[in-house]
Amino acid sequence: MLRYTTARSYHLSKVPHGRQYDEANREAARWLTGLSDFRGAAASAGEEWLCDRVRGVETTGNHSTWNRQGNVQHMTFVTRSLGH
């Protein structure tokens, strides 16, 4: 499951695991990076990872990777939001 946190919403995209589903995974990343609230690759390592998936850099990963990157993105967003 790929996920993304914005200031006003939380997005989830359930994707199957396995090389045969790489394009479905990249499409989910395209959807998330296409959100009007997407902050761009420079916002955190999580956003950068999503952008890399869209461009086809490396593999799409697995459930552990998706969870870790979602946590990185979410916690970076929350930490920066608390500072405002």
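Where is F38 found in this fold? F38 sits in the loop between α1 and α2, where helices (H or I, at least four residues) and strands (E, at least two) are DSSP runs numbered from the N terminus. The structure is a predicted model, in which local features need pLDDT of at least 70, side-chain atom pairs count only at pLDDT 80 or more, and totals for chains, interfaces and linings use all residues. Residues are numbered from 1 along each chain as its sequence is written, and side-chain values use heavy atoms, with hydrogens and water left out.

With a relative accessibility of 15%, F38 counts as buried; here buried means under 20% relative accessible area, exposed over 50%, and partly exposed in between (1.4 Å probe, protein chains only). Leaving aside neighbours within four places in sequence, F38 is in contact with Y4, L32, T33, E47, L50 and C51, contact being heavy atoms within 4.5 Å. F38 and T6 are 32 residues apart in sequence, and their C-alpha atoms are 7.2 Å apart in space.

One of the contacts of F38 is L32, a residue of helix α1. L32 is buried, with a relative accessible area of 0%. Besides F38, the contacts of L32 include L2, R3, Y4, H11 and L50, again leaving aside neighbours within four places in sequence.

Not counting residues up to four places away in sequence, S13 touches M1, L2, A28 and W31. L12 also belongs to strand β2, which spans residues 10-13, and counts as partly exposed at 46% relative accessibility. Together with M1 and Y10, L12 makes a nonpolar surface patch of about 290 Å². Such patches are made of residues with over 30% relative accessible area and no salt bridge, joining like charges within 9 Å and nonpolar side chains (Val, Leu, Ile, Met, Phe, Trp, Tyr) within 5 Å. The areas come from the Shrake-Rupley method with a 1.4 Å probe, and for residues only the protein chains shown count as cover.

How do the charged residues pair up? Side chains of opposite charge can pair when their charged atoms come close. A salt bridge is taken as a side-chain nitrogen of Lys or Arg within 4 Å of a carboxyl oxygen of Asp or Glu, and by this rule the count comes to five salt bridges. In one of them D37 pairs with R8, the closest N and O atoms being 2.8 Å apart. D37 lies in the loop between α1 (22-33) and α2, and R8 in the loop between β1 (2-5) and β2, so this pair ties together parts that are 29 residues apart in sequence. D37 is partly exposed, at 25% relative accessible area, whereas R8 is exposed, at 66%.

A salt bridge also links R39 and E47, with 3.2 Å between the closest N and O atoms. R39 is partly exposed at 32% relative accessible area, while E47 is buried at 1%. R55 is exposed, with a relative accessible area of 57%, and D52 is buried, at 16%. Salt bridges that share partners also join E23, E27 and R30 into one network.

Helix packing comes next. Helix α2 (residues 45-55) and helix α3 (residues 63-82) pack at an angle of about 135 degrees, with their axes 7 Å apart. The axes are lines fitted to C-alpha atoms, for helices over the stretch in contact, and angles run from 0 to 180 degrees between N-to-C directions. The two helices are therefore oblique to each other; angles under 35 degrees count as roughly parallel, over 145 as roughly antiparallel, 65 to 115 as roughly perpendicular and the rest as oblique. A45, G46, E47 and W49 of α2 meet T65, W66, Q69, V72 and Q73 of α3 in this contact.

Helix α3 also holds R80, which is partly exposed at 49% relative accessible area. R80 touches A43 and S44, not counting residues up to four places away in sequence.
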